Amino acid sequence: LQRLAKIQLEKKWHESQPIMNSIGNQYVGMYKILHHDQVMYIGMGNLNARRARHVSVFENKGEALVSGNGRSSDSPVARKMYECDKDINNWYINFMTIDREIDRFVADAVMKKMECILNQEHSPVFCKEHMVGK
């Protein structure tokens with residue numbers, strides 16, 4: 001898994017873009033949330049769904065969203081983003097998709113290793129050490 005993670009990390013990341021911009025549907029991969037140029041958080045999963053949740057909670061003044069049926073949608077990362085800088089225009093996202101030829105179960109395990117490697121490289125302030133690679 002470590003070797004596969006390093007191979008994936010050698011691939012090109014998409015250029016940073018404003019976090020408000022959609023990434024598109026059904027892309028799975030790794031992402032970095034940046035404040036200006038500083039990496040503040042590293043995550044993985046369905047890229048646009050994660051991005052959209054962070055943005056939604058941020059736009060709700062860093063508070064969890066509660067639907068009509070009482071279900072909560074939260075993002076601890078968005079809460080920290082909002083506390084750090086309330087101007088959404090200062091937040092960016094940088095991402096990498098994982099090749100679709102990799103089985104999703106294997107890709108999840110590889111992305112967890114990638115997250116550990118990236119966390120060591122960038123020391124993002126919004127990542128909790130005990131959650132990295134989980």
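The model is a predicted one, in which local features need pLDDT of at least 70 and side-chain atom pairs count only at pLDDT 80 or more, while totals for chains, interfaces and linings use all residues. Residues are numbered from 1 along each chain as its sequence is written, and side-chain values use heavy atoms, with hydrogens and water left out.

What is the value of phi in His36? The angle is near 55 degrees, which is a positive value in a residue other than glycine. His36 belongs to the hairpin of β2 and β3, in which 2 residues lie between the strands. With a relative accessible area of 43%, His36 is partly exposed; on this scale, buried means under 20% relative accessible area, exposed means over 50%, and partly exposed lies in between, using a 1.4 Å probe and the protein chains only.

Strand β2 covers residues 28-35, and because 8 of its 8 residues are buried, the strand is largely enclosed by the rest of the structure. Strand β3, residues 38-46, runs antiparallel to β2 and is joined to it by 8 bridges; two strands are said to pair if DSSP finds at least two bridges between them.

Taken together, 4 strands form an open sheet in the order β1-β6-β2-β3, with antiparallel pairing. Strands β1 (17-18) and β3 stand at the edges, each with a single partner strand, so one side of each is left without a neighbour in the sheet.

Is Asn46 buried or partly exposed? Its relative accessible area is 27%, so Asn46 counts as partly exposed. Leaving aside neighbours within four places in sequence, Asn46 is in contact with Gln26, Tyr27 and Val28, where contact means heavy atoms within 4.5 Å. The C-alpha atom of Asn46 is separated by 9.9 Å from that of Ile23, a residue 23 places away along the chain.

A second residue with a positive phi is found elsewhere. Lys61 lies in the loop between α2 (47-59) and β4 (65-66), and its phi is near 60 degrees, again a positive value in a residue other than glycine. At 60% relative accessibility, Lys61 counts as exposed.

Stepping back, the protein chain contains 4 helices and 6 strands, which follow one another along the sequence in the pattern α-β-β-β-α-β-β-α-β-α. The C-alpha trace spans about 40 × 35 × 30 Å along its principal axes. Of the 134 residues, 43% count as buried. Among contacts between residues at least 6 apart in sequence, 63% join residues at least 24 apart. The chain carries 19 positive and 16 negative side chains, and the centres of the two sets lie 5 Å apart; Lys and Arg count as positive and Asp and Glu as negative, whereas His and the chain ends are not counted, and the place of each charge is taken as NZ of Lys, CZ of Arg, CG of Asp or CD of Glu.
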